Amino acid sequence: LHVTDEGVNGIVLQAVNETAASLETTLGVTLYREGEVVVAHAELNLTLPARSVSAHPVERILGRFADSGFSYRFGPPGHDVIAATLSDADGVLARAFHLPLGRGRPVEPELGLTAVAALHHGRPGVSIASRRFAQNVCLDVDDHTPRDSYFHLEPGSTRWIELTPRTSKSLDVRGSVTALNTSSTVRISSAVKS
């Protein structure tokens, strides 16, 4: 799932199916103001043929004009985060974000960020949640390598990040999580014990 800014033509979401099979998916888009207030949300059911790309303007998905890229500037911006997800029956396939006001966001003292160590199918990981939009979430975990880091986290959402032990088979998870738009660091709680 990719986001392109088409200027006065708005923001376009491009859904890519690189597999050899057709996919039945749902493309969801949510616009947020002040990092947590939902301004608009809509979903579009899509059949993605094998090895295909399809483009979907945000305004077409929403069914109304929203100045998604803040190109017209008819007043103060109506939103500052666009979050998109591409899902199928098994869950989220891809996520994409666009920050129409630019990447420089105010640094906040607290986002409602939480991090809890957990086992998922016998593998160690961290469940990360945030009340507000968290930009470039970074994991710093002792003796483990996270499968993902520096990702955006949609307001009110949770992501589970698998961890690979670096030097031992220890399931003891210790470390912290922070984001680019907060001055606080959150310790990972409830460490998983081996």
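Start by selecting Glu108 and Arg132: they form a salt bridge, with their closest N and O atoms 2.6 Å apart. Here, a salt bridge is a side-chain nitrogen of Lys or Arg within 4 Å of a carboxyl oxygen of Asp or Glu. Glu108 sits in the loop between S7 and strand S8 (114-120), and Arg132 in the loop between strand S9 (123-130) and strand S10 (134-141), so this pair ties together parts that are 24 residues apart in sequence.

Before you click on, a word about what's on your screen: this is a predicted model, where local features need pLDDT of at least 70 and side-chain atom pairs count only at pLDDT 80 or more, while totals for chains, interfaces and linings use all residues. Residues are numbered from 1 along each chain as its sequence is written, and side-chain values use heavy atoms, leaving out hydrogens and water.

**Stop 1: around that first pair**

Are Glu108 and Arg132 buried or exposed? Glu108 is buried, with a relative accessible area of 16%, and Arg132 is buried too, at 13%. (Buried means under 20% relative accessible area, exposed over 50%, and partly exposed in between, using a 1.4 Å probe and protein chains only.)

Bring in Glu36 and you've got a whole network: Glu36, Glu108, Glu110, Arg131 and Arg132 are linked by salt bridges.

**Stop 2: another salt bridge**

Jump to Glu162 and Arg123. The closest N and O atoms of this salt bridge are 3.4 Å apart. Glu162 lies in strand S13 (residues 157-165) and Arg123 in strand S9, so to speak a link between distant parts of the chain, 39 residues apart. Glu162 is buried at 15% relative accessible area, whereas Arg123 counts as partly exposed at 36%. How many salt bridges does the rule give? The count comes to eight.

**Stop 3: the sheet**

Switch to cartoon view. Strands (E, at least two residues) and helices (H or I, at least four) are DSSP runs, numbered from the N terminus. Two strands pair if DSSP finds at least two bridges between them.

Look for the open sheet of four strands in the order S4-S3-S6-S7, with antiparallel pairing. Strand S4 (37-48) and strand S7 (91-98) stand at the edges with a single partner strand each, so one side of each has no neighbour in the sheet. From one strand to the next, the twist averages 15°; axes are lines fitted to C-alpha atoms, for helices over the stretch in contact, and angles run from 0 to 180 degrees between N-to-C directions.

Walk across it now. S4 and strand S3 (residues 23-33) pair in the antiparallel sense over 11 bridges. Their hairpin has three residues between the strands, and Glu34 there takes a positive phi near 55°.

Next, select Leu31. Its bridge partner in S4 is Ala40, and Leu31 also stands opposite Ile82 in S6. S3 and S6 pair over seven antiparallel bridges.

Finish with strand S6 (residues 81-88) and S7, an antiparallel pair with seven bridges. Select Asp88 to find its bridge partner in S7, Gly91.
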